[in-house]
Amino acid sequence: MNPAQHGAAVAAETAEFVATVTAADLSTPVPTCPGWSLADLTRHVGSVHRWFTELLRQRIQHPPTSRVVDLRLPEHTDALPDWLAMSAAEAAEVFAATDLDAPMWAWGVDQHARFWVRRMLFETLVHRVDAQLALGRSPQIDRALAVDGIDEFLTNLPHAASFAPLTAQLRAPDRTIRFSCTDANTDADADADGDWLVELRPGGFALVADHSEPRPADATVRGTAADLLLLLYGRLDHRSEAFQLLGDTSLLAHWFTHSAF
């Protein structure tokens, strides 16, 4: 997916989130976000939208020294869905006015404005899933979107220690974990093939390329792209029947214990 597609997907995911929570009981607990209600979840997503939008508007070049932003939160909880929709509309305006290829500070690998649009997309998507699960629905995730989300997660996770400190313990003496999609890619022209290899080293870990000559991994997790995305975000358990586990299960346990985002 390209940055323009990411922007359109943010709008689509937000619209689905808004449709999910509109007319719902916003005091409903969200099991996948312990301690949160649907109101908390909606407030969080809209706050992220407004924060990232402000970063893009300012085109910051250094880590921000303050996270203060005018959230314009509504006075009444039942107005939160409309407030979230307005947050997304404001973000879309900034996306359209921004050169997404422009250099910009980001906490992840891609030091360009487009980083924040892609990050907003998957923050919104995962929490849209949280909302639907809380209401007993069965979330659907487009395969291409899920593949892009897996890649975004695994690419940036090595840089997330400032807010996900357990990731600093994802070290091992040159061990590898492969995440592999079981659902076929029907787009013959797609770049992503649904396979990722992560290498854990004594000094840290990183996503590595091995598409030319894929090598055996010490541990492998196989599942659909949508399930793998939710697994990486901690919404599914790797021991569930949705996944086929191969190789060193203790290495997988180490990964999932320390990779919470």
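In which sense do strand β1 and strand β2 pair, and over how many bridges? Select residues 175-181 for β1 and 195-201 for β2: the two pair in the antiparallel sense over 6 bridges. Two strands pair if DSSP finds at least two bridges between them. Helices (H or I, at least four residues) and strands (E, at least two) are DSSP runs, numbered from the N terminus.

This is a predicted model; local features need pLDDT of at least 70, side-chain atom pairs count only at pLDDT 80 or more, and totals for chains, interfaces and linings use all residues. Residues are numbered from 1 along each chain as its sequence is written, and side-chain values use heavy atoms, with hydrogens and water left out.

Next, pick threonine 176. Opposite stands glutamate 199 in β2.

Now show the whole sheet. Its 5 strands run in the order β3-β2-β1-β4-β5, open, with mixed pairing. β3 (204-208) and β5 (244-247) are at the edges with a single partner strand each, so one side of each has no neighbour in the sheet.

Contact means heavy atoms within 4.5 Å.

Last stop: helix α1 (3-21) and helix α3 (80-97). Their axes come within 9 Å and cross at roughly 175°. Axes are lines fitted to C-alpha atoms, for helices over the stretch in contact, and angles run from 0 to 180 degrees between N-to-C directions. The two helices are therefore roughly antiparallel (over 145 degrees). Select Phe17 of α1 and Phe95 of α3, which are among the contact residues.

How values were computed:
Angles under 35 degrees count as roughly parallel, over 145 as roughly antiparallel, 65 to 115 as roughly perpendicular and the rest as oblique.
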